[in-house]
Amino acid sequence: MTEIPEHLLKRAQAARDKAAGSSDASASEGGDRIPDALLDRTKASGAGAAVVAAAPAGGVPVGAGPGGHTQRLLTVVKSGSIQEAKAAPVDKVHTWPHLLAVEFVAALALTAFLFVFSWVVNAPLLQAADFNNTPNPSKAPWYFLGLQELLTMFHPMIAGVTLPGMGLVALILAPYLDRNASNKPEDRKFMTSMMTMFLIFWAVLTIIGSFFRGPGFNFTFPWRDGIFFEL
Amino acid sequence: MARTDANPPMPEWSTEYQLVEVDADYLGKAVKPKQFIHIDQSECIMCEGCVDICPWKCIHMVTPDAVAEAQGTELPGEDPSDNVIFIIDDDVCTRCALCVDRCPTGVIILGKAGAPSPDGDSHTRTNNHGYGYGMRL
């Protein structure tokens with residue numbers, strides 16, 4: 001049998017005295033239904049067992065809080081905190097399941113799509129490479145042709161390392177540069193125009209590299225010399 | 001995703017609370033379940049674990065500015081060391097005690113509104129009885 005703590009024994013004694021009709025105990029300011037230890041603790045922390053109610057005039061009506069609810073002050077915490085608190089509660093949604101479930105379903109859908117796509121679309125390898133007969137023009141896959149087009153204009157160090165590196169650094173810095181929290185298109189005109197300019201720039205490079213470059217990667221017109229492009 | 005009870009709407013909260021001290025009888029009349037949640041501020045680390053875990057979103061940590069007026073009790077925020085206050089909507093709270101189990105410092109207790117029995121209140125946390133993290137000791 002565990003030992004009963006001393007303060008519980010004291011409280012039980014007080015309760016027995018009160019049940020016996022002791023007038024002293026009945027004067028204990030109506031807090032008889034809340035354990036004394038709790039009352040002492042809340043008094044020590046400066047907050048009474050209190051109801052937060054909207055209309056206290058003439059005694060507290062039941063359900064006088066916001067929305068007809070009874071809201072109670074739990075505690076007033078004294079020390080400092082690293083948490084940011086606001087006057088009105090902020091609605092929060094848990095990452096699990098609200099975000100992760102959606103992401104998991106998206107990953108499943110994408111995997112299923114890739115599975116079906118790779119089943120339906122045939123993408124065989126070409127014949128073995130013959131280094132005595134290299135293809136002319138030698139073109140990268142279409143998604144690299146913008147980069148290959150840059151190589152015709154700049155030193156390989158600039159076109160292959162510096163410019164893509166600057167792009168990657170800009171992507172890394174994007175959350176720090178773009179502090180606009182709104183996700184409405186009308187509030188994001190600057191960043192939308194920046195992204196649009198980048199996409200057009202890159203699309204033009206890719207189109208030129210794909211359709212306007214012929215043998216030797218020289219400039220050509222597709223309607224004059226034909227298309228030198230394989231998907 | 002379809003809206004489910006896993007993410008219920010927030011109860012209404014005010015930013016201009018009137019704080020009134022009431023007694024246990026009032027609480028018993030205003031709220032049906034005869035138990036109440038209590039946080040001991042001295043060991044609260046303001047992790048907001050109780051706010052996060054509450055299935056009904058009925059506990060909230062707000063600044064003391066939310067209380068506009070206090071009658072018969074000290075106004076939170078008057079003392080400059082008052083950092084945050086915790087408010088619970090007792091009509092929405094189901095006394096599921098998830099916050100009690102979640103609290104890493106074990107300072108949330110589920111008290112019983114009523115006279116304690118002669119051998120002590122079985123709902124009160126003591127050194128050798130009460131709630132610990134993840135289990136009931």
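Student: Where is the place of B:Ala97 in chain B?

Tutor: B:Ala97 is in the loop between strand 5 and helix 3 (98-102) of chain B. Helices (H or I, at least four residues) and strands (E, at least two) are DSSP runs, numbered from the N terminus. This is a predicted model: local features need pLDDT of at least 70, side-chain atom pairs count only at pLDDT 80 or more, and totals for chains, interfaces and linings use all residues. Residues are numbered from 1 along each chain as its sequence is written, while chains are lettered from A and ligands numbered from 1 in the order in which they are written.

Student: What is the phi of B:Ala97?

Tutor: Phi is positive there, about 65°, although B:Ala97 is not a glycine. B:Lys57 also has a positive value, near 55°, and is a residue other than glycine. B:Lys57 sits in the loop between helix 2 (49-53) and strand 3 (59-62) of chain B.

Student: What share of chain B is buried?

Tutor: Of its 137 residues, 42% are buried.

Student: What is the layout of chain B along the sequence?

Tutor: The pattern is β-α-β-α-β-β-β-α-β-β-β. That gives three helices and eight strands.

Student: Where is confidence in chain B highest, and where lowest?

Tutor: Strand 5 (residues 84-89) of chain B is highest, at a mean of 90, and strand 8 (residues 135-136) of chain B is lowest, at 45. Over residues 132-137 of chain B the pLDDT is below 50, yet this stretch has ten contacts beyond near neighbours in sequence. Two residues are in contact if their C-beta atoms, placed from the backbone, lie within 7 Å. The mean pLDDT of chain B is 77, with 74% of its residues at 70 or more. The model scores ipTM 0.75 and pTM 0.49.

Student: Which strand of chain A does strand 5 of chain B pair with?

Tutor: Two strands pair if DSSP finds at least two bridges between them. Strand 5 of chain B pairs with strand 2 of chain A, in the antiparallel sense, over six bridges. A:Gln71 stands opposite B:Asp89. Seven of the seven residues of strand 2 (residues 71-77) of chain A are buried, so this strand is largely enclosed by the rest of the structure.

Student: Which peptide bond is cis?

Tutor: The bond that joins A:Asn136 and A:Pro137, with omega about 0°. A:Pro137 lies in the loop between helix 4 and helix 5 (145-151) of chain A.

Definitions and conventions
pLDDT is the predictor's confidence in each residue, from 0 to 100. A residue is buried if 20 or more other C-beta atoms lie within 10 Å of its own, exposed if 12 or fewer, and partly exposed in between; C-beta atoms are placed from the backbone.
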